[in-house]
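Subject: Structure handover

Hello,

Please find the structure below. The notes that follow say what was found in it.

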Amino acid sequence: MGKRLVVIGGDAAGGSAASQAKKRTRDLDVVMFERGRATSYSACGIPYWIGGAVTDEAALVARTPEQHRAAGIDVRMRTEVTAIDTARQEVHWRDLDGGGEGTEPYDDLVYATGSVPMRPPVPGMDAAGVYGVQVLDDGVALRKELDSGRVQRVVVVGGGYIGLEIAEACRVRGLDVTVVDLSATPVGTFDPDIGEFLADAVRGESIQLVLSDGVVAVETGADGRACAVVTASGRELPADLVVLGLGVRPNVRLAVEAGIPLGTSGGIAVDARMRTQVPGVWAAGDCVESLHRLSGQRVVVALGTHANKQGRVAGINIGGGYATFPGVIGTAITKICDTEAARTGLAEAEAEGAGYSFVTAVVDSTTRAGYFPGAQPIRVKMIAERRSGRLLGAQLVGRKGSAKRIDALAVCIWNEMTVDDILSLDLSYAPPFAPVWDPVLIAARKALEAVEADPR
């Protein structure tokens with residue numbers, strides 16, 4: 001009798017782990033539990049489907065349950081794992097539609113439950129009309145609400161990536177949108193000088209920003225639905241709909257109940273091969289912590305890119321191969337209407353927290369040769385270590401054609417290059433694509449000058 005792999009969660013990490021393990025060990029029995037109505041979908045694409053840029057919900061699904069089953073994976077849809085018994089090596093499950101219950105034994109278990117939206121502990125936050133957007137079912141529910149015709153005023157609580165992307169989606173639909181955030185600038189992972197550029201872009205889309213102000217209550221009407229958001233400063237913001245954009249936290253409830261240890265970040269502790277500290281139990285995706293290659297700290301980064309890679313690593317190892325996940329450096333990118341923003345490595349506060357001494361350089365340039373039609377503004381910021389000149393972080397904000405430059409800088413950080421190294425890179429040039437001195441090279445030159453001028 002072959003071994004049995006049970007996977008909890010059928011999205012990026014879980015689907016990748018199941019597929020890789022089955023591919024390498026054909027006689028492996030693989031059972032994958034998914035509590036939702038879709039597998040292997042793009043959660044990052046949900047705001048763009050809500051806003052209409054993506055017209056077909058099915059386009060967000062990379063691999064359907066039927067395709068997984070055709071590959072030999074026993075997919076149990078709308079089935080929730082309710083408990084894990086690591087001593088008996090079995091999981092308890094419940095059919096959310098039919099009501100049936102049962103247990104499933106395993107030899108190996110992959111914990112890939114993802115994350116859940118953060119909800120501040122304030123009155124009314126669990127009321128009807130308050131939506132989180134994390135899984136595809138959340139997006140379906142939110143879009144149905146927006147399509148109802150009874151929504152005109154939307155308040156988004158949180159100005160992070162998902163918050164601003166949902167704000168844009170609602171604004172594109174012609175709705176009145178307000179974003180509330182505790183930080184002084186939106187997307188707190190960017191330094192304030194870059195965040196100000198982003199804030200101006202958001203306001204330019206007629207989205208109201210309420211910054212440096214927290215939410216203390218969600219008021220409800222006679223029907224029990226959210227009707228207003230109250231802030232710490234006393235502002236009352238009328239709302240037909242409230243969307244949570246505060247980010248997410250690892251979905252680790254089952255792990256905690258089963259005695260699977262967490263790490264210092266609050267995510268499940270795993271080694272480089274995605275093994276937990278419980279024999280036979282693996283974990284991957286938004287629910288685990290990763291090593292930050294620059295700070296050395298354990299961090300939780302909820303991104304589909306990492307989830308797919310981590311699931312792949314777990315599946316390869318379960319299937320008898322060998323693979324490791326080398327860590328993260330905090331690369332992220334987003335778009336708010338016509339403005340693009342991206343970052344990689346450490347921001348200033350993160351670099352200080354990690355104990356680095358550094359210099360910074362900020363340059364304003366254009367995405368193409370200044371004389372070429374369609375040239376758009378771009379701002380590049382670099383953070384370099386004092387004396388060594390090693391690039392520690394970079395941030396970009398600008399119009400179309402700006403943000404994907406972050407990938408070149410992510411490669412530089414990954415390979416521990418200095419700003420002097422970057423200045424000498426043989427980057428492509430033609431007027432339709434870049435100035436003769438690409439903004440990346442200009443920023444590197446300015447950062448090198450700051451390193452050389454620093455007496456310490």
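Gly129 sits in the loop that joins strand 8 (115-117) to strand 9 (130-132). Helices (H or I, at least four residues) and strands (E, at least two) are DSSP runs, numbered from the N terminus. This is a predicted model, in which local features need pLDDT of at least 70 and side-chain atom pairs count only at pLDDT 80 or more, while totals for chains, interfaces and linings use all residues. Residues are numbered from 1 along each chain as its sequence is written, and side-chain values use heavy atoms, with hydrogens and water left out.

Gly129 counts as buried because its relative accessibility is 5%; buried means under 20% relative accessible area, exposed over 50%, and partly exposed in between (1.4 Å probe, protein chains only). Apart from neighbours within four places in sequence, Gly129 is in contact with Arg225, Ala226, Leu241 and Val242, where contact means heavy atoms within 4.5 Å.

On cysteines: how many disulfides does a search of the whole structure find? The search finds 0, a disulfide being a pair of cysteine sulfur atoms within 2.5 Å. For Cys287, the closest cysteine sulfur is that of Cys44, at 16 Å, so the two are too far apart for a bond. Cys287 has 0% relative accessibility and therefore counts as buried. For Cys337, the closest cysteine sulfur belongs to Cys170, and at 11 Å this is also too far for a bond. Cys337 is buried too, at 13% relative accessibility.

Along the principal axes, the C-alpha atoms fill a box of roughly 65 × 60 × 40 Å. Of the 456 residues, 52% are buried. Among contacts with a separation of 6 or more, 62% are between residues 24 or more positions apart.

The side chains include 47 positive and 56 negative ones, and the centres of the two sets are 3 Å apart. Lys and Arg count as positive and Asp and Glu as negative, without His and the chain ends; the charge is placed at NZ of Lys, CZ of Arg, CG of Asp or CD of Glu.

Regards
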